[in-house]
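Colleague: Could you take me through one part of this model closely? I would like to look at the charged side chains that pair up, and then at what surrounds them.

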Amino acid sequence: METPEDKRTCCGSLRDFFTSAKFLIYMGHALSTWGDRMWNFAVAVFLVELYGNSLLLTAVYGLVVAGSVLLLGAIIGDWVDRNSRLKVAQTSLLVQNSCVILCGILLMVVFHFKDELVHLYSGWILTICYILVITIANIANLASTATSITIQRDWVVVVAGQDSSSLADMNATVRIIDQLTNILAPMLVGQIMAFGSHFIGCGFISGWNLVSMCVEYALLWKVYQKTPALAVKVGQKEQQVELKQLSTQKDLENGQSPEESSQPLMNEASAVARPDSPKQHGCCYQVSEPLRTLRAGWVAYYNQNIFFAGMSLSFLYMTVLGFDCITTGYAYTQGLNGSVLSLLMGASAVFGICGTVAFTWVRKKCGLIRTGFLSGVAQLSCLMLCVASVFTPGSPLDLSVSPFEDLYTHLVGGKTLSQSEPTGIHMDVNATFAAPTEEPLQSYISVSLLFAGVIAARVGLWSFDLTVTQLIQENVNESERGVINGVQNSMNYLLDLLHFIMVILAPNPEAFGLLVIISVSFVAMGHAMYFRFAFKNLGTRLFLFCSPEQKVETADSPSLPTTV
(Lines give C-alpha, C1' and ligand atoms only; values in the text may rest on other atoms or scores of the structure.)
Protein backbone atom coordinates (compact mmCIF):
# COMPACT_ATOMS: atom_id res chain seq x y z
CA MET A 1 0.00 0.00 0.00
CA GLU A 2 1.28 3.46 -0.88
CA THR A 3 2.27 5.47 2.18
CA PRO A 4 1.92 9.27 2.58
CA GLU A 5 5.69 9.53 2.36
CA ASP A 6 5.64 7.82 -1.04
CA LYS A 7 2.92 10.21 -2.26
CA ARG A 8 4.93 13.21 -1.11
CA THR A 9 8.04 11.82 -2.82
CA CYS A 10 6.11 11.25 -6.05
CA CYS A 11 4.59 14.74 -5.94
CA GLY A 12 8.01 16.21 -5.23
CA SER A 13 9.54 14.37 -8.18
CA LEU A 14 6.79 15.60 -10.50
CA ARG A 15 7.22 19.14 -9.23
CA ASP A 16 10.96 18.97 -9.74
CA PHE A 17 10.51 17.71 -13.30
CA PHE A 18 7.95 20.34 -14.29
CA THR A 19 10.17 23.10 -12.92
CA SER A 20 13.44 21.70 -14.30
CA ALA A 21 15.45 23.36 -17.05
CA LYS A 22 14.80 20.38 -19.36
CA PHE A 23 11.02 20.67 -19.15
CA LEU A 24 11.16 24.44 -19.58
CA ILE A 25 13.24 23.99 -22.75
CA TYR A 26 10.69 21.48 -24.04
CA MET A 27 7.85 23.93 -23.35
CA GLY A 28 9.65 26.81 -25.03
CA HIS A 29 10.56 24.67 -28.03
CA ALA A 30 6.98 23.39 -28.37
CA LEU A 31 5.61 26.95 -28.39
CA SER A 32 8.25 28.14 -30.84
CA THR A 33 7.85 25.18 -33.19
CA TRP A 34 4.07 25.40 -33.11
CA GLY A 35 4.19 29.02 -34.19
CA ASP A 36 6.78 28.26 -36.88
CA ARG A 37 4.75 25.41 -38.36
CA MET A 38 1.54 27.47 -38.42
CA TRP A 39 3.30 30.37 -40.12
CA ASN A 40 5.21 28.25 -42.66
CA PHE A 41 1.99 26.55 -43.68
CA ALA A 42 -0.12 29.70 -43.75
CA VAL A 43 2.28 32.08 -45.51
CA ALA A 44 2.35 29.94 -48.65
CA VAL A 45 -1.46 29.74 -48.68
CA PHE A 46 -1.71 33.51 -48.19
CA LEU A 47 0.69 34.22 -51.06
CA VAL A 48 -1.20 31.91 -53.41
CA GLU A 49 -4.52 33.52 -52.48
CA LEU A 50 -3.17 37.05 -52.90
CA TYR A 51 -1.73 36.44 -56.36
CA GLY A 52 -4.86 35.04 -57.94
CA ASN A 53 -4.20 31.34 -57.25
CA SER A 54 -0.82 31.60 -58.96
CA LEU A 55 2.22 30.06 -57.31
CA LEU A 56 4.65 32.73 -58.46
CA LEU A 57 4.89 34.52 -55.10
CA THR A 58 5.26 31.20 -53.27
CA ALA A 59 8.06 30.21 -55.62
CA VAL A 60 9.83 33.54 -55.12
CA TYR A 61 9.44 33.26 -51.36
CA GLY A 62 10.87 29.73 -51.33
CA LEU A 63 13.87 30.70 -53.42
CA VAL A 64 14.55 33.80 -51.30
CA VAL A 65 14.42 31.76 -48.10
CA ALA A 66 16.69 29.03 -49.49
CA GLY A 67 19.19 31.49 -50.94
CA SER A 68 19.33 33.55 -47.76
CA VAL A 69 20.11 30.63 -45.47
CA LEU A 70 22.54 29.21 -48.02
CA LEU A 71 24.52 32.47 -48.14
CA LEU A 72 24.08 33.68 -44.56
CA GLY A 73 24.11 30.42 -42.59
CA ALA A 74 27.79 30.71 -41.60
CA ILE A 75 27.43 34.42 -40.76
CA ILE A 76 24.43 33.74 -38.53
CA GLY A 77 26.34 30.95 -36.80
CA ASP A 78 29.34 33.22 -36.27
CA TRP A 79 27.06 35.83 -34.67
CA VAL A 80 25.72 33.11 -32.35
CA ASP A 81 29.29 32.21 -31.33
CA ARG A 82 30.42 35.79 -30.74
CA ASN A 83 27.62 36.81 -28.38
CA SER A 84 26.34 35.58 -25.05
CA ARG A 85 23.77 32.81 -25.11
CA LEU A 86 21.01 34.80 -23.46
CA LYS A 87 21.47 37.77 -25.80
CA VAL A 88 21.38 35.54 -28.89
CA ALA A 89 18.30 33.63 -27.75
CA GLN A 90 16.36 36.73 -26.71
CA THR A 91 17.31 38.76 -29.79
CA SER A 92 16.45 36.01 -32.28
CA LEU A 93 13.19 35.31 -30.42
CA LEU A 94 12.11 38.96 -30.49
CA VAL A 95 13.11 39.47 -34.13
CA GLN A 96 11.41 36.29 -35.33
CA ASN A 97 8.09 36.85 -33.57
CA SER A 98 8.01 40.59 -34.26
CA CYS A 99 8.49 39.94 -37.98
CA VAL A 100 5.71 37.34 -38.04
CA ILE A 101 3.38 39.71 -36.18
CA LEU A 102 4.22 42.53 -38.58
CA CYS A 103 3.68 40.24 -41.58
CA GLY A 104 0.34 39.13 -40.20
CA ILE A 105 -0.85 42.70 -39.74
CA LEU A 106 0.36 43.67 -43.22
CA LEU A 107 -1.44 40.69 -44.77
CA MET A 108 -4.63 41.59 -42.91
CA VAL A 109 -4.47 45.08 -44.41
CA VAL A 110 -3.85 43.66 -47.89
CA PHE A 111 -6.72 41.16 -47.63
CA HIS A 112 -9.11 43.85 -46.37
CA PHE A 113 -8.21 46.54 -48.91
CA LYS A 114 -7.06 44.39 -51.83
CA ASP A 115 -9.65 45.72 -54.29
CA GLU A 116 -8.60 49.31 -53.56
CA LEU A 117 -4.87 48.52 -53.65
CA VAL A 118 -5.15 46.88 -57.09
CA HIS A 119 -6.19 50.18 -58.66
CA LEU A 120 -4.03 52.48 -56.49
CA TYR A 121 -1.02 53.77 -58.49
CA SER A 122 -1.61 51.06 -61.11
CA GLY A 123 -1.10 48.33 -58.53
CA TRP A 124 2.39 49.43 -57.46
CA ILE A 125 1.34 49.79 -53.82
CA LEU A 126 0.14 46.19 -53.84
CA THR A 127 3.43 45.08 -55.41
CA ILE A 128 5.35 46.89 -52.68
CA CYS A 129 3.23 45.08 -50.09
CA TYR A 130 4.15 41.74 -51.67
CA ILE A 131 7.84 42.65 -51.55
CA LEU A 132 7.56 43.72 -47.91
CA VAL A 133 5.78 40.51 -46.92
CA ILE A 134 8.42 38.30 -48.56
CA THR A 135 11.29 40.37 -47.14
CA ILE A 136 9.96 40.45 -43.57
CA ALA A 137 9.03 36.77 -43.70
CA ASN A 138 12.57 35.97 -44.85
CA ILE A 139 14.01 37.91 -41.91
CA ALA A 140 11.74 35.91 -39.62
CA ASN A 141 13.09 32.68 -41.12
CA LEU A 142 16.71 33.79 -40.61
CA ALA A 143 15.91 34.63 -36.98
CA SER A 144 14.27 31.21 -36.64
CA THR A 145 17.50 29.66 -37.95
CA ALA A 146 19.48 31.49 -35.26
CA THR A 147 17.01 30.32 -32.61
CA SER A 148 17.30 26.72 -33.77
CA ILE A 149 21.10 26.84 -33.69
CA THR A 150 21.39 28.39 -30.25
CA ILE A 151 18.66 26.35 -28.50
CA GLN A 152 18.78 22.93 -30.17
CA ARG A 153 22.51 22.81 -30.86
CA ASP A 154 23.94 24.69 -27.86
CA TRP A 155 21.57 25.20 -24.93
CA VAL A 156 20.46 21.57 -25.02
CA VAL A 157 24.10 20.42 -24.80
CA VAL A 158 24.81 22.65 -21.80
CA VAL A 159 21.61 21.69 -19.96
CA ALA A 160 22.37 17.99 -20.49
CA GLY A 161 25.84 18.52 -19.00
CA GLN A 162 28.42 15.82 -19.64
CA ASP A 163 25.78 13.07 -19.71
CA SER A 164 25.60 11.68 -23.24
CA SER A 165 22.50 9.60 -22.45
CA SER A 166 20.70 12.66 -21.14
CA LEU A 167 21.67 14.56 -24.29
CA ALA A 168 20.33 11.73 -26.48
CA ASP A 169 17.03 11.72 -24.56
CA MET A 170 16.68 15.49 -24.90
CA ASN A 171 17.42 15.38 -28.63
CA ALA A 172 14.84 12.63 -29.11
CA THR A 173 12.20 14.53 -27.13
CA VAL A 174 12.83 17.71 -29.11
CA ARG A 175 12.49 15.76 -32.35
CA ILE A 176 9.21 14.16 -31.25
CA ILE A 177 7.89 17.66 -30.50
CA ASP A 178 8.97 18.71 -34.01
CA GLN A 179 7.08 15.84 -35.65
CA LEU A 180 3.90 16.31 -33.65
CA THR A 181 3.73 20.06 -34.24
CA ASN A 182 4.51 19.53 -37.92
CA ILE A 183 1.20 17.67 -38.24
CA LEU A 184 -1.07 19.32 -35.65
CA ALA A 185 -0.21 23.01 -36.14
CA PRO A 186 -1.10 23.15 -39.89
CA MET A 187 -4.32 21.27 -39.11
CA LEU A 188 -5.37 23.93 -36.58
CA VAL A 189 -4.61 26.98 -38.70
CA GLY A 190 -6.09 25.25 -41.75
CA GLN A 191 -9.40 24.74 -39.95
CA ILE A 192 -9.40 28.37 -38.82
CA MET A 193 -8.92 29.59 -42.38
CA ALA A 194 -11.46 27.09 -43.75
CA PHE A 195 -14.29 27.94 -41.33
CA GLY A 196 -13.31 31.58 -40.90
CA SER A 197 -11.29 33.48 -43.47
CA HIS A 198 -7.72 34.32 -44.43
CA PHE A 199 -8.16 37.63 -42.58
CA ILE A 200 -9.03 35.77 -39.37
CA GLY A 201 -6.15 33.36 -39.96
CA CYS A 202 -3.67 36.23 -40.17
CA GLY A 203 -5.04 37.74 -36.99
CA PHE A 204 -4.89 34.43 -35.13
CA ILE A 205 -1.27 33.80 -36.10
CA SER A 206 -0.26 37.35 -35.13
CA GLY A 207 -1.99 37.05 -31.78
CA TRP A 208 -0.48 33.61 -31.15
CA ASN A 209 3.04 34.89 -31.81
CA LEU A 210 2.53 37.89 -29.54
CA VAL A 211 1.45 35.74 -26.60
CA SER A 212 3.99 33.02 -27.40
CA MET A 213 6.83 35.54 -27.57
CA CYS A 214 6.14 36.72 -24.02
CA VAL A 215 5.87 33.19 -22.63
CA GLU A 216 8.99 31.97 -24.46
CA TYR A 217 10.95 34.99 -23.26
CA ALA A 218 10.05 34.15 -19.64
CA LEU A 219 10.90 30.47 -20.15
CA LEU A 220 14.31 31.32 -21.61
CA TRP A 221 15.07 33.50 -18.62
CA LYS A 222 14.06 30.74 -16.19
CA VAL A 223 16.24 28.17 -17.99
CA TYR A 224 19.15 30.62 -17.96
CA GLN A 225 18.74 31.13 -14.19
CA LYS A 226 18.50 27.41 -13.47
CA THR A 227 21.61 26.57 -15.56
CA PRO A 228 24.60 28.69 -14.46
CA ALA A 229 26.82 27.05 -17.11
CA LEU A 230 24.87 28.92 -19.80
CA ALA A 231 26.36 32.19 -18.56
CA VAL A 232 29.89 31.28 -19.74
CA LYS A 233 31.11 30.22 -23.16
CA VAL A 234 34.40 28.39 -23.57
CA GLY A 235 35.79 30.89 -26.06
CA GLN A 236 34.90 33.85 -23.85
CA LYS A 237 36.34 32.14 -20.80
CA GLU A 238 39.67 31.43 -22.56
CA GLN A 239 39.88 35.04 -23.69
CA GLN A 240 39.33 36.26 -20.13
CA VAL A 241 42.09 33.97 -18.83
CA GLU A 242 44.53 35.18 -21.50
CA LEU A 243 43.76 38.81 -20.73
CA LYS A 244 44.23 38.20 -17.02
CA GLN A 245 47.63 36.57 -17.63
CA LEU A 246 48.69 39.47 -19.86
CA SER A 247 47.59 41.95 -17.22
CA THR A 248 49.53 40.17 -14.47
CA GLN A 249 52.70 40.00 -16.61
CA LYS A 250 52.60 43.74 -17.32
CA ASP A 251 51.98 44.51 -13.65
CA LEU A 252 55.11 42.60 -12.65
CA GLU A 253 57.20 44.30 -15.34
CA ASN A 254 56.14 47.73 -14.09
CA GLY A 255 56.67 46.85 -10.44
CA GLN A 256 52.97 47.18 -9.61
CA SER A 257 50.60 44.80 -7.96
CA PRO A 258 47.80 43.40 -10.09
CA GLU A 259 45.21 45.17 -7.92
CA GLU A 260 46.67 48.62 -8.59
CA SER A 261 46.22 48.70 -12.33
CA SER A 262 44.20 45.70 -13.36
CA GLN A 263 41.34 47.60 -14.95
CA PRO A 264 43.32 49.87 -17.28
CA LEU A 265 45.59 47.04 -18.33
CA MET A 266 42.63 44.81 -19.01
CA ASN A 267 41.20 47.47 -21.27
CA GLU A 268 44.53 47.82 -23.03
CA ALA A 269 44.80 44.07 -23.42
CA SER A 270 41.33 43.95 -24.88
CA ALA A 271 42.36 46.50 -27.49
CA VAL A 272 45.46 44.48 -28.32
CA ALA A 273 43.49 41.24 -28.49
CA ARG A 274 41.13 42.61 -31.11
CA PRO A 275 43.26 43.83 -34.03
CA ASP A 276 40.25 43.76 -36.31
CA SER A 277 38.49 46.60 -34.48
CA PRO A 278 37.18 49.46 -36.64
CA LYS A 279 39.93 51.78 -35.45
CA GLN A 280 42.63 49.47 -36.74
CA HIS A 281 41.33 48.95 -40.29
CA GLY A 282 39.72 50.94 -43.04
CA CYS A 283 36.21 50.91 -44.41
CA CYS A 284 36.92 48.31 -47.11
CA TYR A 285 38.15 45.87 -44.50
CA GLN A 286 34.95 46.23 -42.53
CA VAL A 287 32.77 45.88 -45.62
CA SER A 288 34.50 42.64 -46.61
CA GLU A 289 34.31 41.16 -43.12
CA PRO A 290 31.10 39.15 -43.80
CA LEU A 291 32.80 37.52 -46.79
CA ARG A 292 35.80 36.58 -44.67
CA THR A 293 33.46 35.20 -42.02
CA LEU A 294 31.61 33.17 -44.66
CA ARG A 295 34.85 31.73 -46.03
CA ALA A 296 36.25 31.00 -42.57
CA GLY A 297 33.03 29.23 -41.60
CA TRP A 298 33.10 26.88 -44.59
CA VAL A 299 36.82 26.20 -44.09
CA ALA A 300 36.22 25.43 -40.41
CA TYR A 301 33.38 23.07 -41.37
CA TYR A 302 35.63 21.26 -43.87
CA ASN A 303 38.36 20.84 -41.25
CA GLN A 304 36.03 19.28 -38.66
CA ASN A 305 36.56 15.65 -37.81
CA ILE A 306 32.82 15.11 -38.28
CA PHE A 307 32.86 16.64 -41.79
CA PHE A 308 31.83 13.43 -43.57
CA ALA A 309 29.09 12.77 -41.01
CA GLY A 310 27.64 16.23 -41.63
CA MET A 311 27.90 15.85 -45.39
CA SER A 312 26.15 12.49 -45.19
CA LEU A 313 23.14 14.14 -43.54
CA SER A 314 23.05 16.87 -46.19
CA PHE A 315 22.95 14.30 -49.00
CA LEU A 316 19.72 12.89 -47.57
CA TYR A 317 18.00 16.14 -48.58
CA MET A 318 18.61 15.41 -52.27
CA THR A 319 15.56 13.17 -52.53
CA VAL A 320 11.97 13.14 -53.76
CA LEU A 321 11.12 10.35 -51.31
CA GLY A 322 9.47 12.43 -48.62
CA PHE A 323 6.00 13.69 -47.74
CA ASP A 324 6.27 17.00 -49.53
CA CYS A 325 4.12 18.22 -52.40
CA ILE A 326 6.38 16.57 -54.97
CA THR A 327 5.59 13.08 -53.72
CA THR A 328 1.95 13.87 -52.95
CA GLY A 329 1.56 15.44 -56.39
CA TYR A 330 2.87 12.26 -57.96
CA ALA A 331 0.48 10.24 -55.79
CA TYR A 332 -2.44 12.22 -57.18
CA THR A 333 -1.39 11.30 -60.70
CA GLN A 334 -1.50 7.65 -59.62
CA GLY A 335 -5.09 7.85 -58.37
CA LEU A 336 -4.63 8.30 -54.59
CA ASN A 337 -7.07 10.74 -53.00
CA GLY A 338 -6.58 13.20 -50.16
CA SER A 339 -8.07 10.89 -47.55
CA VAL A 340 -5.57 8.12 -48.31
CA LEU A 341 -2.68 10.57 -48.37
CA SER A 342 -3.63 11.98 -44.97
CA LEU A 343 -3.60 8.45 -43.53
CA LEU A 344 -0.21 7.82 -45.09
CA MET A 345 1.15 11.05 -43.60
CA GLY A 346 -0.13 9.97 -40.19
CA ALA A 347 1.59 6.61 -40.57
CA SER A 348 4.78 8.40 -41.58
CA ALA A 349 4.67 10.48 -38.39
CA VAL A 350 4.17 7.35 -36.27
CA PHE A 351 7.16 5.62 -37.90
CA GLY A 352 9.22 8.79 -37.43
CA ILE A 353 8.45 8.82 -33.70
CA CYS A 354 9.37 5.13 -33.55
CA GLY A 355 12.70 6.10 -35.10
CA THR A 356 13.41 8.65 -32.37
CA VAL A 357 12.54 6.13 -29.66
CA ALA A 358 14.66 3.45 -31.34
CA PHE A 359 17.60 5.88 -31.46
CA THR A 360 17.84 6.19 -27.69
CA TRP A 361 17.59 2.41 -27.18
CA VAL A 362 20.09 1.43 -29.89
CA ARG A 363 22.56 4.12 -28.77
CA LYS A 364 22.64 2.67 -25.28
CA LYS A 365 23.21 -0.85 -26.61
CA CYS A 366 25.64 -0.21 -29.47
CA GLY A 367 27.06 3.31 -29.07
CA LEU A 368 26.41 6.50 -31.03
CA ILE A 369 28.55 5.87 -34.13
CA ARG A 370 27.22 2.35 -34.65
CA THR A 371 23.67 3.66 -34.26
CA GLY A 372 24.23 5.88 -37.29
CA PHE A 373 25.60 2.93 -39.26
CA LEU A 374 22.64 0.71 -38.37
CA SER A 375 20.18 3.52 -39.11
CA GLY A 376 21.70 3.97 -42.56
CA VAL A 377 21.45 0.27 -43.32
CA ALA A 378 17.81 0.28 -42.20
CA GLN A 379 16.92 3.31 -44.30
CA LEU A 380 18.62 2.02 -47.45
CA SER A 381 17.01 -1.40 -47.05
CA CYS A 382 13.54 0.18 -46.87
CA LEU A 383 14.24 2.42 -49.85
CA MET A 384 14.88 -0.66 -51.97
CA LEU A 385 11.08 -1.00 -52.01
CA CYS A 386 10.94 2.39 -53.73
CA VAL A 387 13.42 1.22 -56.34
CA ALA A 388 11.37 -1.94 -56.88
CA SER A 389 8.24 0.19 -57.35
CA VAL A 390 9.80 1.75 -60.45
CA PHE A 391 9.72 -1.60 -62.29
CA THR A 392 6.48 -3.13 -60.97
CA PRO A 393 3.03 -3.08 -62.61
CA GLY A 394 1.39 0.32 -62.40
CA SER A 395 4.60 2.30 -62.69
CA PRO A 396 4.33 5.14 -65.23
CA LEU A 397 8.03 4.91 -66.06
CA ASP A 398 8.50 5.41 -69.79
CA LEU A 399 12.06 5.95 -70.97
CA SER A 400 10.82 6.77 -74.46
CA VAL A 401 9.33 10.01 -73.12
CA SER A 402 11.90 12.78 -72.80
CA PRO A 403 11.92 14.23 -69.25
CA PHE A 404 12.39 17.71 -70.77
CA GLU A 405 9.60 17.40 -73.34
CA ASP A 406 6.99 19.41 -71.46
CA LEU A 407 9.37 21.61 -69.43
CA TYR A 408 8.52 24.83 -71.24
CA THR A 409 4.80 24.12 -71.02
CA HIS A 410 5.02 23.39 -67.31
CA LEU A 411 7.02 26.50 -66.47
CA VAL A 412 4.90 28.86 -68.59
CA GLY A 413 1.51 27.33 -67.95
CA GLY A 414 2.14 26.89 -64.23
CA LYS A 415 0.37 23.50 -64.22
CA THR A 416 3.06 21.69 -62.31
CA LEU A 417 4.30 24.19 -59.80
CA SER A 418 3.26 23.71 -56.24
CA GLN A 419 4.44 24.72 -52.81
CA SER A 420 6.67 22.21 -51.15
CA GLU A 421 8.75 21.69 -48.04
CA PRO A 422 11.98 19.74 -47.36
CA THR A 423 12.14 16.12 -46.30
CA GLY A 424 12.90 15.96 -42.57
CA ILE A 425 13.51 19.42 -41.68
CA HIS A 426 13.11 23.12 -43.60
CA MET A 427 11.84 25.41 -46.62
CA ASP A 428 8.95 26.03 -49.01
CA VAL A 429 9.78 25.84 -52.73
CA ASN A 430 7.57 24.89 -55.67
CA ALA A 431 7.42 21.99 -58.00
CA THR A 432 5.16 19.04 -58.62
CA PHE A 433 3.62 17.23 -61.52
CA ALA A 434 1.13 17.36 -64.31
CA ALA A 435 -2.60 16.80 -63.84
CA PRO A 436 -3.59 13.15 -63.55
CA THR A 437 -4.72 11.34 -66.64
CA GLU A 438 -8.35 10.36 -66.96
CA GLU A 439 -7.54 6.77 -67.84
CA PRO A 440 -8.10 4.30 -64.97
CA LEU A 441 -5.00 2.81 -63.45
CA GLN A 442 -4.35 -0.88 -63.99
CA SER A 443 -2.56 -1.51 -60.71
CA TYR A 444 -1.71 0.12 -57.39
CA ILE A 445 1.23 -2.19 -56.74
CA SER A 446 3.82 0.39 -57.78
CA VAL A 447 2.53 3.31 -55.73
CA SER A 448 1.89 0.99 -52.76
CA LEU A 449 5.51 -0.19 -52.79
CA LEU A 450 6.68 3.40 -53.15
CA PHE A 451 4.88 4.66 -50.07
CA ALA A 452 5.64 1.51 -48.08
CA GLY A 453 9.33 2.19 -48.63
CA VAL A 454 9.04 5.91 -47.88
CA ILE A 455 7.12 5.33 -44.63
CA ALA A 456 9.28 2.45 -43.39
CA ALA A 457 12.46 4.42 -44.14
CA ARG A 458 11.38 7.15 -41.68
CA VAL A 459 12.58 4.97 -38.80
CA GLY A 460 16.14 4.89 -40.11
CA LEU A 461 16.00 8.48 -41.37
CA TRP A 462 15.10 10.10 -38.05
CA SER A 463 17.41 7.85 -36.08
CA PHE A 464 20.26 8.77 -38.42
CA ASP A 465 19.40 12.46 -38.21
CA LEU A 466 19.56 12.33 -34.40
CA THR A 467 22.88 10.47 -34.58
CA VAL A 468 24.56 13.11 -36.74
CA THR A 469 23.02 15.91 -34.67
CA GLN A 470 24.52 14.50 -31.47
CA LEU A 471 27.88 13.84 -33.14
CA ILE A 472 28.05 17.53 -34.08
CA GLN A 473 26.95 18.58 -30.60
CA GLU A 474 29.57 16.47 -28.85
CA ASN A 475 32.55 16.83 -31.18
CA VAL A 476 32.53 20.48 -32.19
CA ASN A 477 34.26 23.02 -29.97
CA GLU A 478 31.83 25.06 -27.93
CA SER A 479 33.26 28.25 -29.41
CA GLU A 480 32.46 26.98 -32.95
CA ARG A 481 29.05 25.38 -32.49
CA GLY A 482 27.20 28.29 -34.02
CA VAL A 483 29.22 28.66 -37.20
CA ILE A 484 29.50 24.89 -37.82
CA ASN A 485 25.77 24.37 -37.40
CA GLY A 486 25.15 27.43 -39.58
CA VAL A 487 27.19 25.91 -42.39
CA GLN A 488 25.43 22.58 -41.83
CA ASN A 489 22.09 24.32 -42.36
CA SER A 490 23.46 25.91 -45.52
CA MET A 491 24.54 22.52 -46.86
CA ASN A 492 21.11 21.07 -46.10
CA TYR A 493 19.41 23.91 -47.96
CA LEU A 494 21.81 23.56 -50.91
CA LEU A 495 21.04 19.88 -51.47
CA ASP A 496 17.35 20.48 -50.85
CA LEU A 497 17.36 23.24 -53.46
CA LEU A 498 19.10 20.93 -55.93
CA HIS A 499 16.36 18.34 -55.57
CA PHE A 500 13.71 20.91 -56.45
CA ILE A 501 15.73 21.94 -59.50
CA MET A 502 15.93 18.27 -60.46
CA VAL A 503 12.14 18.01 -60.37
CA ILE A 504 11.70 21.22 -62.37
CA LEU A 505 13.94 19.79 -65.08
CA ALA A 506 11.99 16.51 -65.20
CA PRO A 507 8.42 17.29 -64.09
CA ASN A 508 6.39 14.64 -65.95
CA PRO A 509 5.24 11.53 -64.05
CA GLU A 510 6.89 9.26 -66.63
CA ALA A 511 10.27 10.51 -65.35
CA PHE A 512 9.47 10.10 -61.65
CA GLY A 513 11.01 6.63 -61.63
CA LEU A 514 14.34 8.15 -62.69
CA LEU A 515 14.04 10.70 -59.88
CA VAL A 516 13.46 7.86 -57.43
CA ILE A 517 16.61 6.07 -58.58
CA ILE A 518 18.65 9.30 -58.43
CA SER A 519 17.29 10.01 -54.94
CA VAL A 520 18.21 6.57 -53.63
CA SER A 521 21.66 6.97 -55.19
CA PHE A 522 22.23 10.20 -53.28
CA VAL A 523 21.03 8.60 -50.05
CA ALA A 524 23.44 5.73 -50.68
CA MET A 525 26.31 8.18 -51.29
CA GLY A 526 25.43 9.95 -48.05
CA HIS A 527 25.55 6.75 -46.05
CA ALA A 528 28.80 5.78 -47.80
CA MET A 529 30.30 9.03 -46.46
CA TYR A 530 29.08 8.14 -42.98
CA PHE A 531 30.56 4.66 -43.30
CA ARG A 532 33.90 6.25 -44.14
CA PHE A 533 33.63 8.43 -41.03
CA ALA A 534 32.58 5.51 -38.82
CA PHE A 535 35.25 3.13 -40.13
CA LYS A 536 37.94 5.77 -39.67
CA ASN A 537 37.04 6.12 -35.99
CA LEU A 538 36.19 2.51 -35.09
CA GLY A 539 37.90 0.40 -37.74
CA THR A 540 36.76 -3.21 -37.76
CA ARG A 541 35.23 -2.67 -34.31
CA LEU A 542 32.38 -0.94 -36.17
CA PHE A 543 30.89 -4.42 -36.70
CA LEU A 544 31.36 -5.49 -33.05
CA PHE A 545 28.10 -4.05 -31.80
CA CYS A 546 28.67 -4.88 -28.15
CA SER A 547 32.16 -3.40 -27.74
CA PRO A 548 32.58 0.15 -26.36
CA GLU A 549 33.30 3.05 -28.66
CA GLN A 550 36.15 5.49 -28.23
CA LYS A 551 36.29 9.23 -28.53
CA VAL A 552 36.18 10.62 -32.05
CA GLU A 553 39.72 11.53 -33.05
CA THR A 554 40.49 15.24 -33.12
CA ALA A 555 43.76 16.82 -34.06
CA ASP A 556 43.25 20.23 -32.48
CA SER A 557 40.68 19.64 -29.76
CA PRO A 558 42.04 17.05 -27.31
CA SER A 559 39.53 17.92 -24.58
CA LEU A 560 36.31 17.42 -26.54
CA PRO A 561 33.57 15.24 -24.99
CA THR A 562 33.26 11.61 -25.95
CA THR A 563 30.65 10.29 -28.34
CA VAL A 564 29.47 7.52 -26.07
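Predicted model: local features only at pLDDT ≥ 70, side-chain atom pairs only at ≥ 80, totals over all residues.

Modeller: Start with the whole chain. It has 564 residues, and 50% of them count as buried. Its secondary structure comes to 20 helices and two strands. Take contacts between residues at least 6 apart in sequence: 82% of these join residues at least 24 apart.

Now the charged pairs. A search of the whole structure finds six salt bridges. One of them joins the side chains of Arg 85 and Glu 478, at 2.5 Å from N to O. This pair links distant parts of the chain, 393 residues apart. Arg 85 sits in helix H4, which covers residues 85-112. Glu 478 sits in the loop between H18 and helix H19. Are these two buried or exposed? Both Arg 85 and Glu 478 are buried.

Go next to Arg 481 and Asp 154. Their side chains also meet in a salt bridge, with 2.7 Å from N to O. Arg 481 belongs to helix H19, and Asp 154 to helix H6 (residues 124-160). These positions are 327 residues apart. Arg 481 and Asp 154 are both buried. Which residues make up the network of salt bridges? Arg 85, Asp 154, Glu 478 and Arg 481 are linked in it.

Another bridge joins Arg 175 and Asp 465. Their closest N and O atoms are 1.8 Å apart. Arg 175 lies in helix H7 (residues 164-195) and Asp 465 in helix H18, so this pair ties together parts 290 residues apart in sequence. Why does Arg 175 count as buried? Its relative accessibility is 5%, and the cut-off for buried is under 20%. Asp 465 counts as buried too, because its relative accessibility is 4%.

The largest nonpolar core has 64 residues. Leu 321, Phe 451 and Tyr 530 have the most contacts inside it. Helix H18, residues 445-475, gives this core its largest share, twelve residues. Another core lies apart from it and has 39 residues, including Leu 47 and Tyr 493.

The structure holds 15 aromatic pairs. One is Phe 373 with Phe 531: it is tilted, with 5.9 Å centre to centre and 40° between the planes. Phe 373 lies in helix H16 and Phe 531 in helix H20, so the pair ties together parts 158 residues apart in sequence. Phe 373 counts as buried at 15% relative accessibility. Phe 531 counts as partly exposed at 32%. Tyr 530 and Phe 533 form a tilted pair as well, with centres 5.7 Å apart and planes at 50°. Both lie in helix H20, three residues apart, about one turn of the helix. Tyr 530 and Phe 533 are both buried. Elsewhere, ring pairs link Tyr 301, Tyr 302, Phe 307 and Phe 308 into a cluster.

Tyr 51, Leu 56, Val 60 and Val 64 make a nonpolar surface patch of about 290 Å². Val 64 lies in helix H3, residues 56-82. At 30% relative accessibility, Val 64 counts as partly exposed.

Technical notes: Residues numbered from 1 in each chain as written. Heavy atoms only, no water. Core = buried A, V, L, I, M, F, W, Y, C linked by side-chain atoms within 4.5 Å. Buried < 20%, exposed > 50% of the residue type's maximum accessible area, 1.4 Å probe, protein only. Helix = DSSP H or I, 4+ residues; strand = E, 2+ residues; numbered from the N terminus. Contact = heavy atoms within 4.5 Å. Patch = residues over 30% accessible without salt bridge, like charges linked within 9 Å, V, L, I, M, F, W, Y side chains within 5 Å. Areas by Shrake-Rupley, 256 points an atom, 1.4 Å probe, with all protein chains shown as cover. Salt bridge = Lys/Arg side-chain N within 4 Å of Asp/Glu carboxyl O. Phe/Tyr/Trp six-rings, centres within 6.5 Å; stacked < 30°, edge-to-face > 60°.
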